[in-house]
Amino acid sequence: MATNPTTTTEHGVDERSLTLAGVVLALVAVGVQTAFYLANVYVLDRRVGTFDLDSEGGFPAWAASVATFSTGFAALLLSFVDTSRRARLLALAAAATFFSFDEAIVLHERAGLRATDALGLSDTYLRIAWPIVYLPLLAGVAVLL
C-alpha cells in the first residue's frame, strides 16, 4: 500500500488535519462576525459601533488584527521546528505581523491618504491607492501559504 508522504511531517504533524482545523476556524470566525454585524444592523439599528464592519476601532478590526498576528506567531514558531521551510515561514511571519500591525494602527488608510494628498488627487481615489501597494504583498503571502 502506498501512503501519501505529504500528509504527515517528520515531526508527526498531520498537515491535512491542521489545514482542516484552520479552514473550520476561519469559517466559524466569519459566521460569528456576520452574526454580530447582522444583529447590530437589524436588531440594534447600528447603535453599537463596536460591531460595525467599517469601524476601524471595532471588534471586527481587533479580531482581524489578533488573527493575523496569531498567524505570524504560528509561522514563527513553525520556523523553529521545520528548518527545511524556515525562510518561507519567516517571510510569512513577517508579512502576517505587518498586516496585523497595519490593521491595528490603520496604516494603509494613512498611507493612501498621504499618497492621494501628495499626488493632488481627491480622497475618492483612496480606495484605489492602497490596493496598488497591498495587492503585490497579498499575492506574495498567498504564494507563501
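A: Start with Y134, which is buried at a relative accessible area of 9%. Buried means under 20% relative accessible area, exposed means over 50%, and partly exposed lies in between (1.4 Å probe, protein chains only).

The model is predicted: local features need pLDDT of at least 70, side-chain atom pairs count only at pLDDT 80 or more, and totals for chains, interfaces and linings use all residues. Residues are numbered from 1 along each chain as its sequence is written, and side-chain values use heavy atoms, leaving out hydrogens and water.

Now the rings. Rings of Phe, Tyr and Trp (its six-membered ring) pair if their centres lie within 6.5 Å; planes under 30 degrees apart are stacked, over 60 edge-to-face, and the rest tilted. The count comes to 4 aromatic pairs. One of them joins F98 and F99: the centres are 6.1 Å apart and the planes meet at 50 degrees, so this pair is tilted. F98 is partly exposed at 31%. F99 is buried at 14%. F99 also pairs with Y134, again tilted, at 6.0 Å centre to centre and 35 degrees between the planes.

F99 sits in helix 3 (residues 86-105) and Y134 in helix 5, so their pair ties together parts 35 residues apart in sequence. Helices here are DSSP runs of H or I, at least four residues, numbered from the N terminus. F98, F99 and Y134 form one aromatic cluster.

Helix 5 covers residues 126-144 and includes L144. Beyond its neighbours within four places in sequence, L144 contacts R88, A91 and L92; contact means heavy atoms within 4.5 Å.

Conventions: Helices (H or I, at least four residues) and strands (E, at least two) are DSSP runs, numbered from the N terminus.
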